[in-house]
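Walk through this model one chain at a time, then look at how the chains meet. Keep the sequence beside the view.

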Amino acid sequence: MNKTKLVSALAFTGLLIAVPFLLAGDHLDASGVNGTSSDLTSFYAFQGANTNNIVLVANMQGFLPSGTASENAVFDEDVLVEFNIDTTGDLIEDLVIQATRRGDTMYFFGPVVPSTTGLQSEIATFGTINRVVISSGATDAEAIVGSNNGMQFFAGARDDSFFFDLNRFNQVVAGEVSGFNEVGEDTFAGTNVLSIVIELPKSMLGTGAIGVNPQAPSTPIFSMWVEAKRKQ
Amino acid sequence: MKKTFYIATLFIATLIFVQCSEDDNDNIIDPPATCTDGIQNGDETGIDCGGSSCEACEDAVEGIDFSGIYVQEDQVGRPAISRVFITEGLRNEYNTTIPSEMTAAFQADMQANLIALNPDYITNGLSQDAEAFTTLLSRDVLWVGQTGVTTFYDGTNIFTGRRLQDDVMDFHLLLIFGGDDFENPNNDGTDGQPLLISDGVSENDKAFLTAFPYLASPF
């Protein structure tokens with residue numbers, strides 16, 4: 001083992017020891033999924049650069065160390081990531097978009113009306129199927145983007161987009177300090193996640209429901225959430 | 001009768017001919033590199049499929065096993081809900097409860113944890129008392145506007161989405177600790193009060209992209 005490898009091995013060991021003491025927004029949020037391949041860390045949904053589109057982002061497997069993300073973390077072939085979209089405001093999914101890895105490729109199913117709603121799912125192979133090769137490069141130029149029928153797809157390691165002084169928050173909750181610092185430290189700086197990004201025309205999701213958000217009662221709203229499900 | 005037989009024969013022959021021509025497409029031994037580059041290019045009708053050179057799109061998932069039942073282990077709607085508002089021993093149950101059943105199962109626990117975080121909580125800047133606030137949060141879905149600005153909070157719009165750059169934790173802290181006036185919040189670090197409405201981290205450590213896939217490249 002040369003010196004560089006020894007140093008990185010030591011650094012990685014140190015990080016592994018440190019990880020159990022870090023508790024996150026939704027990172028490592030519950031013992032049943034902590035540090036597993038189904039641990040979701042963040043969900044984002046926003047209007048795309050093309051304002052006719054909506055962008056969905058699911059991040060998982062947080063606190064991946066710098067430079068080694070693709071070696072230390074891979075999308076689990078037994079895990080299905082499911083974006084749930086309620087278009088009527090009853091908190092029941094009307095459409096889903098599913099993503100799961102096979103080999104070097106992420107496959108995407110939908111948006112499609114699921115065969116069943118709730119805690120158990122089957123993969124909707126009867127719907128629209130798309131795919132993208134999972135990116136392993138570390139630069140933006142190396143990001144592999146798939147596109148089809150106005151939809152775009154990405155899967156691979158990315159910088160963790162979540163930012164928060166989690167260590168200080170834990171100290172505040174524990175009563176060790178009275179408040180935050182004016183300039184905090186981003187506990188998630190320099191760490192990676194595995195990301196799945198989908199951009200699609202809003203028209204594929206329908207019109208949304210009026211009166212769902214009391215702060216924007218006339219805005220048609222989609223209610224969305226992401227689930228990680230494991231093959232039994 | 002004879003004529004019918006001829007027509008039937010012709011029809012079957014046509015079917016065989018069509019079948020053969022499809023098989024010819026599938027018999028390409030060495031598809032060009034564009035059929036495996038992960039993007040739709042050339043005359044492909046999907047990503048790496050269809051058109052004159054690549055295998056037909058309907059074959060894209062043939063031979064790959066997508067069968068089986070997948071059972072839920074984790075979920076996320078709004079940011080940091082389970083971490084901040086759900087008692088640790090209940091989080092696995094929370095992660096495997098469907099949104100329409102969350103309020104009945106967890107609102108009381110969330111209200112207790114809100115008051116534990118801020119014993120002085122009366123109402124937030126949305127005029128919600130502890131029960132109203134935690135009832136909203138207990139329906140843990142992200143609301144996303146079909147029209148207009150999509151943001152968790154940008155100073156004007158509230159709960160219409162979540163952009164990468166949104167300082168969602170500061171907004172959570174403002175709702176928990178800031179009292180009923182966003183313009184003149186409590187716990188802002190002045191007048192002898194602690195700073196509880198902001199963690200002092202207002203942006204990501206790496207700039208986001210303006211175009212797909214939007215997230216910054218990995219370290």
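Chain B is built from six helices and two strands. Along the sequence they come in the order α-β-α-α-α-α-β-α. Bear in mind that this is a predicted model. The chain has 219 residues, and 38% of them count as buried. Take the contacts in chain B between residues at least 6 apart in sequence: 37% of these join residues at least 24 apart.

Start inside chain B, with a pair of helices. H4(B) covers residues 102-117 and H5(B) covers residues 130-138. They pack at an angle of about 130°, and their axes are 8 Å apart. The crossing of H4(B) past H5(B) is right-handed. On the H4(B) side, the contact is made by B:Met102, B:Thr103, B:Phe106, B:Gln107, B:Met110, B:Gln111, B:Leu114 and B:Ile115. H5(B) answers with B:Ala130, B:Glu131, B:Phe133, B:Thr134, B:Thr135, B:Leu137 and B:Ser138. By type, the residues of this contact are eight nonpolar, six polar and one charged.

H5(B) has another partner. The buried residues of H6(B) pack against H5 of chain B, and against H2 of chain B as well. H6(B) spans residues 168-177 and is mostly covered, with nine of its 10 residues buried. Those buried residues are B:Val168, B:Met169, B:Asp170, B:Phe171, B:His172, B:Leu173, B:Leu174, B:Leu175 and B:Phe177. After the helix comes B:Gly179, with a positive phi near 75°.

Now turn to the other chain. In all, 74 residues of chain B are in contact with 99 residues of chain A. Four elements of chain B each supply at least two residues to the side that touches chain A: strand S1 (70-76), helix H2 (81-85), helix H3 (91-95) and strand S2 (142-145). Which of them gives the most? S1(B) does, with seven residues. The side of chain B that touches chain A holds 36 nonpolar, 26 polar and 12 charged residues.

Strand S11 of chain A, residues 221-231, pairs with S2(B). The sense is antiparallel, over four bridges. Within S2(B), B:Gly145 stands opposite A:Ile221.

Technical notes
Residues are numbered from 1 along each chain as its sequence is written. Chains are lettered from A and ligands numbered from 1 in the order in which they are written. This is a predicted model: local features need pLDDT of at least 70, side-chain atom pairs count only at pLDDT 80 or more; totals for chains, interfaces and linings use all residues. Two residues are in contact if their C-beta atoms, placed from the backbone, lie within 7 Å. Ala, Val, Leu, Ile, Met, Phe, Trp, Tyr, Cys and Pro count as nonpolar, Asp, Glu, Lys and Arg as charged, and the others, Gly among them, as polar. Two strands pair if DSSP finds at least two bridges between them. Axes are lines fitted to C-alpha atoms, for helices over the stretch in contact, and angles run from 0 to 180 degrees between N-to-C directions. A crossing is left-handed if the near helix is turned anticlockwise from the far one by less than a right angle, and right-handed if clockwise. A residue is buried if 20 or more other C-beta atoms lie within 10 Å of its own, exposed if 12 or fewer, and partly exposed in between; C-beta atoms are placed from the backbone.
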